[in-house]
Amino acid sequence: MKRMLLKLVTLSAILAMVSIPVLAGPPTAAEGLWLYLPTVVSERWADGNRFVQTTEVGEWSGTFDGVSTEVGQVVRHSSGFRSFTAIVSFEGEVDGKEGTLEMSVAGKRPDAFSDWQGRWVILSGTDELTNLRGQGIWWGPGAPAPEEWGDIYYSGTIHFEPE
C-alpha cells in the first residue's frame, strides 16, 4: 500500500511539473486603411525641437473596422526629422469579433517631404477582442496639417490566444 501511495505521489509530482503547451490560433494577415484627423492640444519648444501634443479621431477599414481616438506626441527635431508616439483606443470589429483595443503606435518621418513609417502593437482588448494579439507596420503621407484628414496604411499579423 505504501509503495502504491509513493508511486501515486511521484506520478502526481511529475505531472504537475510537466506543462502541456497551449498554442495560440494561427496568425492571420491584417491590412487596411487608417484615416485620422489630428488636433493640436499644446506645443512647446526646447533646444530647437518642437514638441506637439495631439489628439486624433480615426476611421479604420480592412481587418480593423471601426473608429478610434488617440493621444500622442509629435516631435519635430531641429534637423527636420520627426518622430511620433501614441496610444490608440479602437472600438469596432476585428476578424469578425467585436470589442475595444488599445494599441501602441510609434513612427518617424525623415523630413517634411517623406512618408511616415512606423510600428503598431496591440496592448490589450475587451469583450470578444480580449485575447487578440498582434503587431505590424504602418506607413503613408499622414495628415497635411492639423484639422485635415490624413491617410495611413497598416499591415501585420494578428492571432487570438486561447481562453
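Glu-43 is partly exposed, because its relative accessibility is 42%; buried means under 20% relative accessible area, exposed over 50%, and partly exposed in between (1.4 Å probe, protein chains only). As for ground rules, residues are numbered from 1 along each chain as its sequence is written, and side-chain values use heavy atoms, with hydrogens and water left out. Because the model is predicted, local features need pLDDT of at least 70 and side-chain atom pairs count only at pLDDT 80 or more, while totals for chains, interfaces and linings use all residues.

On to the fold. The protein chain has one helix and eight strands, where helices (H or I, at least four residues) and strands (E, at least two) are DSSP runs numbered from the N terminus. Read from the N terminus, the order is α-β-β-β-β-β-β-β-β. Of the 163 residues in the chain, 33% are buried.

Nonpolar side chains in soluble globular proteins tend to be buried together. Here the largest nonpolar core holds 26 residues, and Phe-64 and Trp-120 touch the most other members. A nonpolar core is a set of buried Ala, Val, Leu, Ile, Met, Phe, Trp, Tyr and Cys residues joined through side-chain atoms within 4.5 Å. At least two residues of this core come from each of S1, S2 (49–62), S3 (64–76), S4, S5 (97–109), S6, S7 and S8 (150–160). S4 supplies the largest share, with five residues.

Then there are the rings. The whole structure has 12 aromatic pairs; rings of Phe, Tyr and Trp (its six-membered ring) pair if their centres lie within 6.5 Å, and planes under 30 degrees apart count as stacked, over 60 as edge-to-face and the rest as tilted. Trp-34 and Trp-138 pair edge-to-face, because their planes are at 80°, with the ring centres 6.3 Å apart. Since Trp-34 sits in S1 (residues 28–46) and Trp-138 in S7 (residues 132–142), this pair ties together parts that are 104 residues apart in sequence. Trp-34 is buried at 4% relative accessibility, and Trp-138 is buried at 4% too. Phe-84 and Trp-116 are also edge-to-face, at 6.2 Å centre to centre and 70° between the planes. That pair links distant parts of the chain, with Phe-84 in S4 (residues 82–94) and Trp-116 in S6, 32 residues apart. Both partners count as buried, Phe-84 at 7% relative accessibility and Trp-116 at 9%.

The charged end of Arg-44 sits over the ring of Phe-51, 4.3 Å from its centre, and that of Lys-97 over the ring of Phe-160, at 4.4 Å. The criterion is NZ of Lys or CZ of Arg within 6 Å of the ring centre and within 35 degrees of the ring normal.

Finally, the surface. Ile-87, Val-121 and Leu-123 make a nonpolar patch of about 220 Å². Leu-123 belongs to S6 (residues 116–125) and is partly exposed at 48% relative accessibility. Patches are made of residues with over 30% relative accessible area and no salt bridge, with like charges joined within 9 Å and nonpolar side chains (Val, Leu, Ile, Met, Phe, Trp, Tyr) within 5 Å; accessible areas come from the Shrake-Rupley method with a 1.4 Å probe, and for residues only the protein chains shown count as cover.

Definitions and conventions
Salt bridge = Lys/Arg side-chain N within 4 Å of Asp/Glu carboxyl O.
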